[in-house]
Amino acid sequence: MAASPGPAGVAGAAGAGAVYGSGPSGFALDSGLEIKTRSVEQTLLPLVSQITTLINHKDKTKKSDKTLQAIQRVGQAVNLAVGRFVKVGEAIANENWDLKEEINIACIEAKQAGETIAALTDITNLNHAESDGQITIFTDKTGVIKAARLLLSSVTKVLLLADRVVIKQIITSRNKVLATMERLEKVTSFQEFVQIFSQFGNEMVEFAHLSGDRQNDLKDEKKKAKMAAARAVLEKCTMMLLTASKTCLRHPNCESAHKNKEGVFVRMKVALDKVIEIVTDCKSNGETDISSINIFTGIKEFKINIEALRENLYFQSKENLSMTLEVILERTEDFTDSAYTSHEHRERILELSTQARMELQQLVSVWIQAQSKKTKSIAEELELSILKISHSLNELKKELHSTATQLAADLLKYHADHVVLKALKLTGVEGNLEALGVYACKLSEQKEQLVETCRLLRHVSGTEPLEITCIHAEETFQVTGQQIISAAETLTLHPSSKIAKENLDVFCEAWESQISDMSTLLREINDVFEGRRGEKYGYLSLPKPMKNNASLRSLKPDKPDPEEQAKIAKLGLKLGLLTSDADCEIEKWEDQENEIVQYGRNMSSMAYSLYLFTRGEGPLKTSQDLIRQLEVFASEGLKLTSSVQAFSKQLKDDDKLMLLLEINKLIPLCHQLQTITKSSLQNKVFLKVDKCITKTRSMMALLVQLLSLCYKLLKKLQMENNRWVSVTNKDTMDGKT
């Protein structure tokens, strides 16, 4: 089994994809608030429906008993729903003293309104002995409408206050993360770093959980994409933070190591601030609307403006229309000025730009005539001019899309084998500073190509969320490229350093992951351009259809819903964090060849692969790959317990008993995992994956405890042996004297 990616496993603390969110058991309060808040929102929907039914009932003078009973049931249902709503609101108030009074007042108003509606719809309150013998209800409909308005107003008020609570929690969580990051920046000893980083990991899981739930609740797709990009930065940077910090601690006088670490801290702080900006709906200073630099958006708006001339010849001025087109054509210079645009594409773009200008001049000429002459021929000529310039702009769009996507596809294909990254790793291990300079220049060239390509893809992305993803990719290549070079420099200066090598591997993995993400992005941009925007991609890690397979039907995965995906992502996140905890425990052992260490490292490595699986990455591509990996994982767990049992024989009774108790927790988990892996899929792929991840997570939590306990008991045993040897030597010397 290959060595564990080790510290890279801490990626779990940050997403993901991206991903990134199941908190530890100590996070129950936040989860409770989340459940309560969602309960409030879910209660609102039936309330609105029921109240609408009441207010919009047919206002007939006479009603049958059946109708009266139906109206009464609706009124009672509203009152019951209000009662549940109030309980949830009061629970939120009791946990948030600063807003308790406001929430309670709103809950009292809601309760009063619900009771009023119930009273107005109660048949027993009706006067059955009316002079005309008719039964009436809602003779004063105004009272019901007032109560309904009060109810909806109070419900809205509670929801807004609950939203403030959630925002406050996210800000508080961010502040805790920042405070711990400051401590991590100043740490000077490895032992202290491990302790603080463990706390940091838990805080990042909490922040991931809160920000992930907020992302799911966002209705604005643009904000949702920004949140996803910021959380992806945090996920990947947390992975880098561990190795970069450890490298600095191991090589405190290495300038490139410090530069590498500082870059990670800076990027994480920016991403944390970005999440808060989205949550609080505040724009940072100098932030511009990205739509102002998107060619496709500009063309779309321009076409809307010229088509409006059919209905209103005075819709806007000629100057504004001409200026709008010039702004669009000016942006096409990003394509024509690019060194990576082919001669054929450049010529075609310039030709279409010139044609668009000429056709706008013709349109303006006909437009002026149409304002003074209201003839059929002029109207037809105006229509023809509008169609001509629209066609030219469509052709320009096609050419720009073809230029950007072909360039991206060629670039991804050319760099698919990651030759430069492999060369940098080899150069570092060899300590070849001269070769480092050569390959660093090549990576810088590759970085500039990718950044330029992302910039062109932004123009043809077609939607704001995809444009934001392009910006994220552009920034990631820009920053990660420089960080890889500094990590490679550190390894070249310290070629025998295992942690420096591991650090370079982590940054290279981030680069490779972004290349993979860019491939997906390119596919999505093509789908939007070709009108396939509504299609969703399947969960990448689930079984793919196989030809000529009799059991194809049984291996077809369930269609994942957002809740299932979120659950698996959250479980995987915690698993990723546990692998980093295990690796930190393994780092403490002086004897890295110890059997316990070897089995622990193997289990951590496999658990990290499982974490990558939950993100749709890594070596495990299908659920069958996952099952095979878990069979080996369970087997390694049993081997570990055998080694720990052998070690326990060297201990005193109390220590031995303490260790055996921990072993006895792990053995049944290994057998349970083996049982799950052998069970049939039966069209329940997600359920099986969920069970496997949950069981593996429990085993990893026990592994961390076992490694820590074994290390302490080993140190204690060594100290006792040394003391015994010392006493024996002293007795021997005394005897000689």
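Angles under 35 degrees count as roughly parallel, over 145 as roughly antiparallel, 65 to 115 as roughly perpendicular, and the rest as oblique. Here the angles run from 0 to 180 degrees between N-to-C directions, and the axes are lines fitted to C-alpha atoms, for helices over the stretch in contact. The model is a predicted one, where local features need pLDDT of at least 70 and side-chain atom pairs count only at pLDDT 80 or more, while totals for chains, interfaces and linings use all residues. Residues are numbered from 1 along each chain as its sequence is written, and side-chain values use heavy atoms, with hydrogens and water left out.

A helix pair comes up to begin with. Helices (DSSP runs of H or I, at least four residues) are numbered from the N terminus. α13 and α15 pack with their axes 7 Å apart and an angle of about 25°, so the two are roughly parallel to each other. The crossing of α13 past α15 is right-handed, meaning that the near helix is turned clockwise from the far one by less than a right angle. Contact (heavy atoms within 4.5 Å) involves Leu 421, Leu 424, Lys 425, Thr 427, Gly 428 and Val 429 on the α13 side, and Ile 484, Ala 488, Leu 491 and Thr 492 on the α15 side. Sorted by class, that makes six nonpolar, three polar and one charged residues; Ala, Val, Leu, Ile, Met, Phe, Trp, Tyr, Cys and Pro count as nonpolar, Asp, Glu, Lys and Arg as charged, and the others, Gly among them, as polar.

Next come the charged pairs. Side chains of opposite charge can pair when their charged atoms come close. With a salt bridge taken as a side-chain nitrogen of Lys or Arg within 4 Å of a carboxyl oxygen of Asp or Glu, the count comes to 27.

Arg 357 and Glu 326 form another, their closest N and O atoms 2.9 Å apart. Arg 357 sits in α11 and Glu 326 in α9, so the bridge ties together parts 31 residues apart in sequence. Both partners are partly exposed (between the buried limit, under 20% relative accessible area, and the exposed one, over 50%, with a 1.4 Å probe and protein chains only): Arg 357 has 34% and Glu 326 has 36%.

Arg 458 of α14 and Glu 474 of α15 pair up at 3.5 Å. Arg 458 is buried at 13%, and Glu 474 is buried at 12%.
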